[in-house]
Amino acid sequence: MRFLAPALLVALAPAAAAQEAAPDLVFTGTITGADHQHYKPVPFDMPKGVDRVTVTLSYDRSNKTVVDLGVWDPQRFRGWSGGTRDRFTIAASEATPGYLAGELPAGRWRVMLGVPNARAGSTAAYRVTIRFDRGANHAATNALAETINPAPGWYRGDLHTHDAHSDGSCASQSGRRVPCPLFRTVEKAAAAGLDFIAVTDHNTVSHFSGLRELQPWFDKLLLIPGAEITTFGGHANLIGQRGFVDFRVGSREVPDVRALERAAAASGGMLSINHPALPSGEACMGCGWTWPDTDWRGITAIEAVNGALAEGPLAGIGFWYARLNEGHRLTGIAGSDNHNPDATPGQSPIGRPTTVVYAEQLSTEAILQGIRNGNVFIDVTGKGGLLEVTAEAGGRSAAMGGTLQSSPGLLVHVHATRAADTTAELVVNASAAQRQRIHGSDATIQFRLDARSCGWVAINIRDDAGHLLLVGNPIYLACRQPS
């Protein structure tokens, strides 16, 4: 067995692979006929402070050589996948099926190669790569990134769901009310035709291993890890984080909400405040957002629509619009907040409402970046409508989430589908400024602002009863201050 320094490997790598981050450790060697039905340890030193380790194995299979894969830490067995997998990951929060999540003690670890078959006289080269997440380096996580669809486009999902890992429940086979297994939630999301779903159980990451197990089978549905950070002063979804984030705001460990925001950012996740306008009390403890020292720069999104709560004083839209008028750039999103995938009357089914994100591809990081970019709309009823909005002024244009220099004669272009016989509403700084009727199931209309407006504009679509169907995100209008 031979260890190659990552710098040397990069120099020898083909051009196509040169852009990939080099592994922290690489070991190469040869399986020979003498290794038949023997075990070959590949020892390596786990540094202090590692949050995740990802190991990959490749080898020459041309002579019917078979190599199994597993690992031991300095004290105990940590997992075995035999010949089923060519890689595994272990973190405190979760692990590849067949492996045990938990802390990663520093010291001598052993990747274990089992050789159930190696023909007499044969040789087969192997390569073991090891990547660590440590501090700002996230090579071990990056090596696991899933891309469900590489194409750019509009992707539809539900960003707020629960299952048995917190307070989700459903009917068992015999009809009893039981904690509802994770796979039921994921099945319902797939049946609803969603492209992605975030599972956001309260304060825990115990469902992350389940998501890792289910993802290969649900290869058309992106499964995004998340947690509903449930504090005494409000709930916020942390979406796409790499592991546990302490939720105990007001404790010695998390002295204030800004400490929570910093930890959320360090985890790689995106913070979105949930149902912010709900009252807090015995009926819904800590549900409304009341933290006075919130640093809005650490918040990416607001849950403008929670389940069936789209309008009225308890809906999130008013809270969101007020923050926009304060100058905070926050993306409006939605989530079903589903706690029962069978959605009995009075409960919101998975995918209703739907958050629709324009992303460069269907992957966790691309969806998060799409939300950060703000080219997002909410399909309140989850019926599949499309809302594309751009504004044009001075020869320049911007989509939702973008910024445009304001000027008189600004045009707002709207493309809406599945919205026949509805009304488009131009919202300027939280007030409805103009309305137009939409005719046809695939329609294009435009609004014109003759007076210069500073702040933001957005488009909403309403039905004949005035109920919201589609909720657009803002396009920001910048105004130069007089010199």
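**Close-up views of a predicted model**

View 1. Helices (H or I, at least four residues) and strands (E, at least two) are DSSP runs, numbered from the N terminus. The model is predicted: local features need pLDDT of at least 70, side-chain atom pairs count only at pLDDT 80 or more, and totals for chains, interfaces and linings use all residues. Residues are numbered from 1 along each chain as its sequence is written, and side-chain values use heavy atoms, with hydrogens and water left out.

View 2. Just after H6, glycine 327 has a positive phi of about 100 degrees.

**View 3. An open sheet of 4 strands.** The strands follow the order S3-S8-S5-S6 and pair in the antiparallel sense; two strands pair if DSSP finds at least two bridges between them. Strand S3 (38-46) and strand S6 (77-82) are at the edges and have a single partner strand each, so one side of each lacks a neighbour in the sheet. Within the sheet, strand S5 (residues 66-72) and strand S8 (residues 107-117) are joined in antiparallel fashion over 6 bridges. Aspartate 68 is placed opposite glycine 114 of S8.

**View 4. The largest pocket.** A pocket is an open set of points on a 1 Å grid over the protein atoms alone, where a 1.4 Å probe fits, with protein on both sides within 12 Å along at least five of seven lines; lining residues have an atom within 4 Å of a point. The largest pocket holds about 980 Å³ of space, a volume being the space filled by probe spheres set on the points, which are joined across faces, edges and corners. It is lined by 35 residues, and Thr141, Leu144, Ala145, Glu146 and Arg212 are the closest to its centre. Strand S7 (87-91), helix H2 (139-142), helix H4 (208-214), strand S16 (222-231) and helix H7 (364-373) each contribute at least two lining residues.

**View 5. The second largest pocket.** This pocket has a volume of about 400 Å³. Among its 19 lining residues, Asp51, Arg242, Gly243, Phe244 and Ser267 lie nearest the centre.
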